[in-house]
Amino acid sequence: MTQDKTMTAEDVVGRLESGMTIGIGGWGSRRKPMALVRAVLRSDLTDLTVVSYGGPDVGLLAAAGKIRKLVAAFGTLDSIPLEPHFTAARQRGAFEMAELDEAMMMWGLTAGAQRLPFMPVRAGLGSDLMVVNPALRTVTSPYEDGEELVAAPALRLDAALVHLNRADAQGNGQYLGPDPYFDDLFCEAADQAYVSCERIVETADLLKGHGPQTLLVKRLFVDGVVETPNGAHFTSCVPDHDRDESFQRAYVRAARDPEAWPAFAARFLSGDEAAYQAAVTAFHLEEA
Amino acid sequence: MSATGTTGLPAVSRAEYCVVACAEAWRDAGEVLASPMGTVPAIGARLAKLTFSPDLLLTDGEALLMADTPAVGERPGSVEGWLPFRRHLTLTATGRRHVMMGAAQLDRHGNQNISCVGDWSRPTRQLLGVRGAPVNTLNNPTSYWVPKHSTRVFVEHVDMVSGVGHDRAAAAGPSATRYHRLPGVITNLGVFDFETPDRVMRLRSLHPGVSLEQVTAATGFGLSVPDEVPFTREPTEPELRLIREVIDPKGLREHEVPA
């Protein structure tokens with residue numbers, strides 16, 4: 001019997017340390033491991049380097065002062081283009097930033113996973129990424145073409161947090177939506193990886209009704225599995241649930257208004273995950 | 001829309017000229033992925049696919065390639081392929097794609113900024129971040145769509161070069177220029193290209209109803225203007241019917257470019 005890796009979100013946070021580099025899966029406001037992010041918000045963890053295709057994960061961690069350095073190509077809520085806490089944090093100089101291109105991030109994570117120092121990419125040449133990241137270097141092809149390309153540096157993570165639709169107790173993670181994002185890559189580039197999921201199922205049930213290509217994350221890269229129903233809320237986690245657009249709008253209204261934010265945080269973020277989910281249910285009852 | 005043109009349909013709106021101008025960006029593109037960002041470019045790409053560029057590929061805005069051409073905002077009836085973000089990013093580097101991006105700032109050389117306004121280290125206005133602008137501009141044709149042509153967008157110098165323009169690509173060397181191509185810029189006032197000896201932004205056509213003075217006043221740098229400036233072409237009657245009845249029956253285009 002392979003080991004049971006099920007744990008709670010608090011257990012995951014207990015494995016993390018201040019100062020770590022943490023990669024967060026998903027993309028924008030899509031399938032973000034928000035229950036794990038909320039557990040980080042409740043913890044004393046600080047001084048984090050966060051690597052993310054940024055959405056409200058970045059926004060909430062920035063608003064809570066958890067981020068020392070952000071490695072990202074963007075911060076967005078998709079249906080709402082600008083992430084308000086991200087923009088506000090940048091405008092007050094709240095953290096250091098390594099701004100990268102979307103493809104450079106993918107190749108950086110690939111290099112991190114493949115234990116390579118960098119990957120050669122064309123992206124970045126001629127852009128101000130070379131200026132604002134003074135550590136970025138180019139590399140010259142040793143072959144006849146002699147091309148000079150950007151050496152996208154490896155993004156190696158101390159820990160990765162991702163949210164999937166299903167997983168088994170051993171850490172095999174399954175996505176059921178149309179896009180895997182980069183969740184497998186985040187796990188492979190990390191020394192420790194934690195998968196939260198909508199539902200933990202028996203291994204034998206993973207492929208009932210789904211093809212083997214839905215098995216995105218392999219257990220050999222996973223250290224912990226957390227069952228967190230609606231744990232991506234308010235980001236999308238199709239087909240289990242769509243983005244909660246009305247809640248996202250409420251989040252944005254509050255985040256844009258320093259007067260309103262403390263009340264929003266007190267209402268939704270002051271308790272544990274069960275309290276959060278109950279507050280969301282109450283929010284929708286009030287709306288109806 | 002009270003006036004009636006020779007087509008027998010209500011007069012062409014500014015948004016509809018913009019749609020046709022955007023569609024023209026994908027004429028002769030062949031069998032490539034069209035990646036329109038913004039409502040009018042999305043309508044334009046669909047129009048191109050339904051008329052003169054039938055081989056184009058289009059996504060549903062998520063991870064699926066659509067086998068049909070539904071109205072903007074509608075789900076496809078059938079799917080012909082899978083293009084999650086990881087494949088979209090690698091497709092970019094194959095060059096088999098023509099993207100039309102937005103721009104918060106754009107200069108005469110075609111340098112584009114969507115990242116932030118002000119000093120990058122502590123911006124006065126943080127925007128999206130560079131997103132995929134660096135990889136796009138170095139790897140596949142990149143056009144720009146600006147729904148509100150103004151001196152705020154068209155500036156002497158952009159604050160953060162996200163999409164690479166001609167001067168910056170040339171300075172970065174042959175690996176940067178190898179696949180660099182900026183076919184043009186489409187705005188609510190006209191169509192622009194970089195077909196000058198020094199590769200700077202040139203007025204290619206004015207949308208009917210727009211004056212040259214309007215364009216130069218709304219542009220924060222000296223625009224290259226040829227002696228003869230044509231008007232953007234008229235949509236054909238079948239094109240107008242496609243735009244109004246098939247692709248954008250809800251009139252979303254008129255919200256992005258008000259009359």
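What is the handedness of the crossing of H3(A) and H4(A)? The crossing is left-handed, that is, the near helix is turned anticlockwise from the far one by less than a right angle. The model is predicted: local features need pLDDT of at least 70, side-chain atom pairs count only at pLDDT 80 or more, and totals for chains, interfaces and linings use all residues. Residues are numbered from 1 along each chain as its sequence is written, with chains lettered from A and ligands numbered from 1 in the order in which they are written.

Helix H3 (residues 56-63) and helix H4 (residues 84-91) of chain A pack at an angle of about 50 degrees. Their axes lie 7 Å apart. A:Val58, A:Gly59, A:Leu60, A:Ala62 and A:Ala63 of H3(A) meet A:Pro84, A:His85, A:Phe86 and A:Ala89 of H4(A). This contact comprises 7 nonpolar, 2 polar and no charged residues.

Between the chains, 37 residues of chain B are in contact with 35 residues of chain A (C-beta atoms, placed from the backbone, within 7 Å). H3(B) supplies the largest share of chain B's side, 5 residues.

Strand S1 (residues 33-36) of chain B is covered on both faces. B:Leu33 and B:Ser35 on one side, and B:Ala34 and B:Pro36 on the other, are all buried (20 or more other C-beta atoms within 10 Å of a residue's own). S1(B) pairs with strand S4 (residues 97-101) of chain B in the parallel sense, over 4 bridges (pairing needs at least two DSSP bridges). B:Ala34 has B:His98 as its bridge partner in S4(B).

Key: Contact = placed C-beta atoms within 7 Å. Helix = DSSP H or I, 4+ residues; strand = E, 2+ residues; numbered from the N terminus. Buried ≥ 20, exposed ≤ 12 C-beta atoms within 10 Å, placed from the backbone. Axes fitted to C-alpha atoms, helices over the stretch in contact; angles between N-to-C directions. Nonpolar A, V, L, I, M, F, W, Y, C, P; charged D, E, K, R; others polar.
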